[in-house]
Amino acid sequence: MTESGYTNTKRDWRSVLRHDFPASLVVFLVAVPLSLGIAVASGAPIAAGLVAAVVGGVVAGALGGSVVQVSGPAAGLSLVVADLVHTYGWRATCMITLIAGLVQLLLGVFRVARAALAVSPAVVHGMLAGVGVVIALSQLHIVLGGQPQKSAVENLLELPSQIMNNHGHAVMVGVITIAVMLVWNRLPRLRAVPAPLAALLIGALPASVLGWDITRVDLTGGFSSLQGPVLPAGDWHAIVSAVLLVSLLAGVESLLTCVASDRMHSGPRADLDRELTAQGAANVISGALGGLPVAGVVVRTTTNVRAGARSRWSTVLHGVWVLLFTLAFGWAIMLIPMEALAALLLFIGVQMVNVAHVRNLRGHGEMPVYFVTMAGVVLIGLAEGVLIGLGLAALLALRRLTWLSVQVRPDAGCWRVVVTGSLTFLGVPRLTDSLRAIPAGSAVELDLHVDFMDNAAFEALHAWRLEHERTGGTIDIDELHDEWYSAAVSGTRMFPAKSPFRHDRWWLPWAYRRSGPPSGEVGPDAVTAVAVAEAEAVPDLLKGTREFQRRTAPLVRPLLTRLARRQAPSHLFITCADSRIVPNIITASGPGDLFTVRNIGNLVPRHRMAPHDDSLMAAVEYAVGVLAVRTITVCGHSGCGAMAALLGEVPPAPAEWEAVFGTDFPSLRGWLRHGRHTLARFVASESAGDDAGPLDRLCRVNVIQQLDNLRSHPRVDALVRSGKLELSGLYFDIGSASVHVLHQERFTPVPELRAAAGTG
């Protein structure tokens, strides 16, 4: 081993001891009570939950694709396992778990993990909420000293009589356990001990001291009491369905937890295929050892991250601690009252109905999927509820995909028709009904902003057009997205996945849009045409605003509505007022991204330099102090007129200007004094051979100097030194339309994405 390798290994072990070791202890303290409770809810032997916790920690933790995810017995699978135990027996359920693990291994090998993310989160969250309701209702009967019924509906119907028959000791243990769960995390000094562990300990204490009549956890024999799996007997179709249900539910829950875990930490991103393979291996081993099915668990993963885990060692060690604790202190587990475990499960079941998920789904119109899935799981069954939820999610997705809006209104002497969405046969009745409102012989402007048009829709629209024109009307069709109608008229085939968005208007100058070649190629003749058009007429801003209001505003209105309350730009962008520089184009940024300051020569006045100017530093102070911008970028460009003036190469003013201003520009001359440091730096430096002459070199030197000018201001310099603010430089070569980035006082071109990827 090299010296550097030894140093890295030493550093890694220090990180494990400092971060992962204490985190593993916290997760272990959470995992033990949860594993016991889930085993009870699943109708499985108590030791089966501990086996799944050990295997989930050691196997899934060591092989998994996430460095922080913690796997083990999951509450979301408890209903499935309980039904399997009731139907086939425990040992056959272990075999189903083992085979389900093999299926997961196979899916992981074929790298289909991403496909599992196609399942609507509304279905998953609705399923978990329904499972939570079922668990809560069943365990509430145990807390009250009774026995749960066969279904959630029966549990709900029997609840009043169960409440009326007060079972004193059981109720007291349950109330104490739930009370501790409610208040424990609100006590700052006691948070070091996880709430589930504290609740079980405090719930068991009075029961042991006072000799209450309760039922205790039976862990007689420990791991040795478990028996190996046997093949299930019965209908093989049902058995195959059970295997697929366990493998898919456990896999989807694990992958969604894995994705969520990536948002909790800044370490390596998760490999979903590797995670699915690890879950399969864990389920094979857990089933072979007589354990519950294994899946990624949100509660344990969140606890692991919050406890400071940095690597998978935390997950692995937590499984080791569960194993050692069970072997050495299994007798302590048998002191826990079953009523306390039931109360813990009751609390967990209620928490599975996550209000935050409902709020997130409300904005996307998926609340019906959530509640229908939850109701299906509670009232009918887990598999049936999930299938109903998936069906409803598919119907809603189909409805969104075929959504169509048709607006017909009179507009300045004509009728304007705006069709938006997917124009399919399902929308033909709405389209034709709306078009009937247009009087015969009238002028119509038809805006088609559709992402798809099938043959039925084209036939209906084309037939209406021919009939309307036959009666003397005129129709001007403008396709704002893909040219589906024009392609159908000409017999050209359209490919939905390959048809590009029509963006041949918004970025072009006004004059080019009026007179440029239809092919979109900008050659010498096109440039000449633009120059002639610009000389002939001054562009009309009002026409541009009309075009924005008509074409662009409907597209950006949802975004701007969200941005209307506040702005949160990522950069302060200082650039030149040159009309050829459009910051949003050269940075591919949109509304809300850049807080922009533009002036002649992208100059930054130095601190206390005369003539005094506060305008730019006011923008800097506002951007950094109010908007919390953490990056300031100075962007220069080729052929800058301000830099040409510094070199004494100012072109003569037009004759009509001389009549008004004379030949002197005092304000401009005063402003350019802020470029004197740039000129001095230019004189003192030499060309590195990467510029196109003195003016081009001065334009590049100017960017470097303006960054130094920024640091002449004490507040800016202090923020840069503390690492709270970053300064960067860009240079835009107009002729080649290429952006160069500053690095160690040298500008290097930003590579095109295609070239950087090595594809040409």
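A residue is called buried under 20% relative accessible area, exposed over 50%, and partly exposed in between (1.4 Å probe, protein chains only). The model is predicted, so local features need pLDDT of at least 70 and side-chain atom pairs count only at pLDDT 80 or more, while totals for chains, interfaces and linings use all residues. Residues are numbered from 1 along each chain as its sequence is written, and side-chain values use heavy atoms, with hydrogens and water left out.

**Exercise 1.** Determine which residue forms a salt bridge with R470, and classify R470 by its accessibility.

Solution. 
Step 1. The criterion for a salt bridge is a side-chain nitrogen of Lys or Arg within 4 Å of a carboxyl oxygen of Asp or Glu.
Step 2. The partner of R470 is E467, with the closest N and O atoms 2.5 Å apart.
Step 3. Both residues belong to helix α19, three residues apart, about one turn of the helix. Helices here are DSSP runs (H or I, at least four residues), numbered from the N terminus.
Step 4. R470 counts as exposed because its relative accessibility is 62%, whereas E467, at 39%, counts as partly exposed.

**Exercise 2.** Find the salt-bridge partner of R465 and state where the pair lies.

Solution. 
Step 1. R465 pairs with E469, and the closest N and O atoms are 3.2 Å apart.
Step 2. The two lie four residues apart in helix α19 (residues 455–470), about one turn of the helix.
Step 3. R465 has a relative accessible area of 23% and is therefore partly exposed; E469 is partly exposed as well, with 32%.

**Exercise 3.** Is D717 buried or exposed, and with which residue does D717 form a salt bridge?

Solution. 
Step 1. D717 has a relative accessible area of 16%, so it is buried.
Step 2. Its partner is R721, with 2.8 Å between the closest N and O atoms.
Step 3. R721 counts as exposed at 65% relative accessibility.
Step 4. Helix α31 (residues 714–721) holds both D717 and R721, four residues apart, about one turn of the helix.
Step 5. In the whole structure there are 12 salt bridges. A network of salt bridges links R416, E445 and D447.

**Exercise 4.** Describe the largest cavity: what is its volume, and which residues line it?

Solution. 
Step 1. On a 1 Å grid over the protein atoms alone, a cavity is a set of points where a 1.4 Å probe fits but cannot get out; lining residues have an atom within 4 Å of a point.
Step 2. The volume, the space filled by probe spheres set on the points, is about 30 Å³ for the largest cavity.
Step 3. The lining is formed by A60, G61, G64, S66, Q69, S71, E275 and T315.

Key
On a 1 Å grid over the protein atoms alone, a cavity is a set of points where a 1.4 Å probe fits but cannot get out, and a pocket is an open set with protein on both sides within 12 Å along at least five of seven lines; lining residues have an atom within 4 Å of a point.
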